Amino acid sequence: MRRVYMDANATTPLLPEVVEAMRPYWIEHFGNASSIHQQGQRARTAVDQARETLAEFFGCHAAEVVFTSGGTEGDNTALFGLLHPGDHLITTSIEHSAVLAAADRLAHDGIATTKVDPRPDGLIDPMDILRAIRPETRLISVMLANNETGVVQPVEEIGRIAAQTGAFFHIDAVQGAGKVLIDVNRIGCHVLTISGHKMYAPKGIGAMYVRKGTPLDPLMVGGSHERRRRAGTENVPAIVALGKAAELAMHGLESGVMHRLATLRDRLENGILAQIPGTGVNGAGTPRAANTSNIWFDQLEGEALVIALDLKGLAVSGGSACHSGATEPSHVLMAMGLDKTRARASLRFSLLKTATDADIDYALEVIPAAVDRLRELAPELAGTAG
Amino acid sequence: MASAPKTGIPAGHADKPRSGTIAVAMSGGVDSSTVAAMLRSEGADVIGLTLQLWDQNRLAGKPGTPDAPKAGRCCSLDDVYDARRVAETLDIPYYVVNQQERFEHDVVQPFVNDYLAGRTPIPCSLCNNHLKFDQLLRTARQIGAERIATGHYARNEYDPARSRWILKRPADLAKDQTWFLFGLTQDQLAHTLFPLGHLTKPEVREIARESHLALADKPDSQEICFIPGGNYKQFIANYLEEQGRELPDSSGELVTTAGAPLGHHEGIHNFTIGQRKGLGVTSPNPLYVLQIDAASRNVTVGPESELNRNSFTCARANWITIPSLDAPMRVQARIRHSQSPAPAWIEPSGVEGVLVTFDEPQRAVTPGHSAVFYDSDEVVGGAWIL
């Protein structure tokens, strides 16, 4: 059976160039980047080169790039590393759980958090951030692009508020990286987090921009790696891969890959809306990451539609998987004011940058048929499933 | 696997093709895992589904509840893990379906409310009626399966002479689960397979071993799945507390059949018909709970001989071998899972009611339980005891 993957916001495959770039660093150039000998020097060179590429990707100095294990570590480091008892954090109710759960833990240490809700279209209003500012506000943490709706937040305006009020500013750019041009100086952030596996590099690697002079305590302590910002032997092959992926992402943004993806995404979206009654776009009318579409379907349960489509070869996602693998209604959609039924009946389609017209054709073939079957067998939805 | 017996998929019914995908309800136990293995070895197109019904961490740490959930109860992470491993071993698609809200609404809340009203509920029957053979079957059909298969010990055959699907007691009478299955409709029976109906438990374990299922020797679960530890009184208190509800004051008097007060009790939910322990009164002869009156809160106690009753009424009947009960009928009736069916007459009584009259008085007719009626090994139907 044909398989079409439309869940790029969950993870992406490695691009062949990325695999090729990292290949020599498993066996041939296996050295520890901290070693004095030539094997070590070879590894150090590779890490330095990747760091320079990431600096270009962020628009910062190489010394401001810190390699991490991924998005969760970056988000955790920003919060745990900047906040102390008595401080106040402003974040949003649509952040990734790597931020929200860190904020919950910090509450035990006497760090209060204000979670700003989005508008119904999924955008955070910068004025709501401003209104949440307190004298003890030390950090503002906002995501660049939302993982579920793709809505791109007005981070530059929020950055100006942070600058005016003297708060530190962290950007979770895990979903934005590679889809939206990043310039840390325009954003005005102090810390910015990205993850490799959302941008065609391996799982288990990520990077942060940390503005020079930012008093960010490390999460991991040990050796003096990463200018003492992150202890632990560098994951050299993965760092090389992330460097290559960042290079390809920059090239793609320059050459209009996102424009092409937006065209495909819009064709998918318009096709679903035209062919299937009782549908709509969550986050419509906002600036969105070009690959992401979040669509609600009346009179069905999203979880069953995800399974039905998977069995037809189309991989998409709905809500967020809880520990057992069952689906919970999306906290993002709930924060946007959707009722539980509609939040449960919403699916996320997120295209790989290698998506083709044929992929869209296939999706538009299987989705209406699957929706028909689900609705035909649906109970009167006034029932108890809520 | 060559020795594995066939599942006995009914062949005769015209509008029930033999082909088609079968969704197996997988709990992570030996029985349902073996069903999946049997169907797979016969070459059927199999999908594994696990219902996520209750979050075992929800009341964890409250009084009388283990801090961490143990294995062997439905929906513990270990059970989902086991089910998933079986699906991986068999190389079948596997999904966890979230039905927690519906389970709470249709099983847990009625369970609590029944006890508070002086009845003794059977959550397994409610779960079968509302979740396993309703929601799960619907989900299975929505995602493209024709039928579901479960690990229940029961048989299910189409009888062309009566044009009805017939539920029968299994080969292994010690494992007979038909008492919990009386609520199945004709449509549900037509779309359900019980592949273990002609096997004994040791045979099932042997098939599991031959199929290389790692859980072949996993112990059977006995307790109510959402009450780890088995203390239902504590569960009710913890659940009400979580819901912000007060445990209603249902304390009252323990009285004799003549109405003479014997002492005070703390609440009618602490009692079940036939209960002997924990009455809080001393007496030269053993005393048993004979009747629980929710209105007066009186709990009537007396000697064991007075526990026996000839006749009782029940309501909300479901009929399997017959379209409806229109005249008195000779059956064997069973008022608890552990009781052998006993000769009785059943006759219509009021609207959808059934009057049951045993030939010999039976012990502890319990409101909230069900009475299930048999004709030899066939399940005629059943109803809820008033």
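**Exercise A: what covers a helix**

Find which helices and strands are among those that cover the buried residues of H6(A).

*Solution.* Start with the cover: it includes helix H5 (126-132), strand E5 (137-143), strand E6 (168-172) and helix H7 (184-187) of chain A. These elements are DSSP runs numbered from the N terminus, with helices (H or I) of at least four residues and strands (E) of at least two. Before going on, note that this is a predicted model, where local features need pLDDT of at least 70 and side-chain atom pairs count only at pLDDT 80 or more, while totals for chains, interfaces and linings use all residues. Residues are numbered from 1 along each chain as its sequence is written, and chains are lettered from A and ligands numbered from 1 in the order in which they are written.

Next, pick out the residues under that cover. In H6(A), residues 155-165, the buried ones are Val155(A), Ile158(A), Gly159(A) and Ala162(A). Their arc around the axis is only 105°, so they sit on the same side of H6(A); the arc is taken from the directions between the helix axis and the C-beta atoms. Ala163(A) and Gln164(A), on the other side of H6(A), are exposed. The cut-offs count other C-beta atoms within 10 Å of a residue's own, placed from the backbone: 20 or more is buried, 12 or fewer is exposed, and in between is partly exposed. An α-helix has 3.6 residues a turn, so residues three or four places apart point the same way. Finish just past the helix, where Gly166(A) has a positive phi of about 80°.

Work out whether Glu226(A) is buried or exposed, and how Arg227(A) counts.

*Solution.* Locate them first: Glu226(A) lies in the loop between strand E8 (206-210) and H8 of chain A, and Arg227(A) is in the loop between E8 and H8 too. Then read the backbone. Glu226(A) is not a glycine, yet its phi is positive, about 50°; Arg227(A), also other than glycine, has a positive phi near 50°. Now count neighbours. Glu226(A) is buried because 21 other C-beta atoms lie within 10 Å, whereas Arg227(A) counts as partly exposed because it has 13 C-beta neighbours inside 10 Å.

*Solution.* For a close look at one member, take Ala245(A): beyond its neighbours within four places in sequence, it is in contact with Leu15(A), Val18(A), Gly196(A), Met199(A), Tyr200(A) and Ala201(A). Contact requires C-beta atoms, placed from the backbone, within 7 Å.

*Solution.* Set the rules first. Axes are lines fitted to C-alpha atoms, for helices over the stretch in contact, and angles between N-to-C directions run from 0 to 180 degrees.

1. H10 (residues 302-311) and H13 (residues 357-376) of chain A pack at about 130°, with axes 10 Å apart.
2. H9 (residues 257-275) of chain A and H13(A) pack at about 20°, with axes 10 Å apart.
3. H3 (residues 100-116) and H4 (residues 123-142) of chain B pack at about 165°, with axes 9 Å apart.

For handedness, a crossing is left-handed if the near helix is turned anticlockwise from the far one by less than a right angle, and right-handed if clockwise. H10(A) passes H13(A) in a right-handed crossing, H9(A) passes H13(A) in a right-handed crossing, and H3(B) crosses H4(B) right-handed.

How values were computed: Two residues are in contact if their C-beta atoms, placed from the backbone, lie within 7 Å.
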